[in-house]
Amino acid sequence: WRNKPLFRRQGDVRFKSGMEASKLLIAEAHRRDSHEAEYIDSIASTMECLSPLFDRNPRYAFVAKQLMEPERFIQFRVAWMDDVGVVRLNRGFRIQYSSSLGPYQGPLHLGSHVNGGLIKALGFDNVFSNGLTGYDVGSSVGGSDFNPFDKSEAEVQRFCQSYMTELAKYVGPDIDDPTMGMGVAEKEMGYLFGQYKRINAKFTSGNVPFMNKKSSEVPGKAVVLFAKEMLKDINQSLMGKRCLIVGSGKTARAIAAKLLEYGAIPLTFSDESGHVYEPSGIDASKLRTISNIKTDRGATLGRYVISSTTAKFNEPSNIFDVPCDLCFSCGPIKSINADAVTQLADNGCMGVIEAGHKNVTLDARHALKSRGVMYAPHIVTLTGVNIVHAHKHDLTDATLESEVHRIYNDVKSAATEFNARGDLFAGGSMVGFLRVADAMLAHGAI
């Protein structure tokens, strides 16, 4: 396979090493999709990790070339009427990236930042995230550039119904199962499922409702369990650890609740209005108050300071100036850059756990490595959704912990085998790729 041309455009192009194959694949992504910055970042960071696999088996480089192109990319118009009676337009997306391992499954994201390039990047990342779990599930991602946070409840419902009216042609039980993502919580999933049920007669799979909402708190719990496994490797625990939480959505609050169970101390939450900081920690009572505030659509954390005499709002001005032991990032995409890593490391942070999609930039990953800060990437930590879908109603806390332990050990072992000890991003990428690639090789040129 090393003697075969990887590309046959304007002359045969071959590679002599795995790193050279990676560079050729990254260059091809630049040539075809240079305008999609997020997608290029995903390709570049992943292909660099996979170069040892290409050295060991050059055939995998050809599979990676196939995997760079999604199976199907759907874009459509979403027309809906606002409360004033004006027709509004948004773009809807669904990328069905890979079905090599099984039916498509992946989140829906709503927000003004959502575009085709971002959806493609998230779909590519999701291939590895779903693959490394060991479950028979493919990869898909969808969403729209609709911002649900500045809309009324009626407007969100009308949008969701319009979006699902078109999306229903492409998703369904055992075909493509959308799950919760950025800007999509129980209410949005309820509106989407209600419209799907109105259109289609079949809306269950194995007596479990399609688009099951049971997974709302599991992703947050799984993130904390991955952090626990990571600390166990250095003979430490979560007990007493000061935890910086970036974000305040469902996952962020579930993380805080699980941290409290293990004796850790959540310090902060943040949203578009700023951040709240409790120097002595956020206990269960304070967490309930924050949850009640964030349950109201459009409500911001600024309201919390009225109910707390100890809370600091936007003080210090940068949330990363708060001294902490661990940082759980559930905020917007690219919310942690190299400068943020420098601030965290200078303040004594020993680990960054990515609890949101693509929160940590490529430069930040390099900075984390150079500063010796532990890093748990989203392709590993956000596998809680897959766990709950695989076990359905039988999922218990013990089963969740056991599955997280299994996945973490698989990732850690792969990283060690390919001389990347402690690099969970490299290990997760390798485990996910190997499972998907072996299935693709069995299927031929598809």
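In strand β14, the bridge partner of Ser329 is Glu354, where strands are DSSP runs of E with at least two residues and helices are runs of H or I with at least four, both numbered from the N terminus. This is a predicted model, in which local features need pLDDT of at least 70 and side-chain atom pairs count only at pLDDT 80 or more, while totals for chains, interfaces and linings use all residues. Residues are numbered from 1 along each chain as its sequence is written, and side-chain values use heavy atoms, with hydrogens and water left out.

Strand β13 (residues 326–329) pairs with β14 in the parallel sense over four bridges, and two strands count as paired if DSSP finds at least two bridges between them. Within this pairing, Phe328 stands opposite Ile353 in β14.

## Strands on either side

On β13, Phe328 is also the bridge partner of Ile245, and strand β8 (residues 242–246) pairs with β13 in the parallel sense over four bridges. Strand β14 is joined in parallel by three bridges to strand β15 (residues 374–376), in which Ala376 is the bridge partner of Ile353.

## Covered faces

Strand β14 (residues 351–354) is covered on both faces, since Gly351 and Ile353 on one side and Val352 and Glu354 on the other are all buried, buried meaning under 20% relative accessible area with a 1.4 Å probe and protein chains only. From β13, Leu326 and Phe328 point one way and Cys327 and Ser329 the other way, and all are buried.

Technical notes:
Buried < 20%, exposed > 50% of the residue type's maximum accessible area, 1.4 Å probe, protein only.
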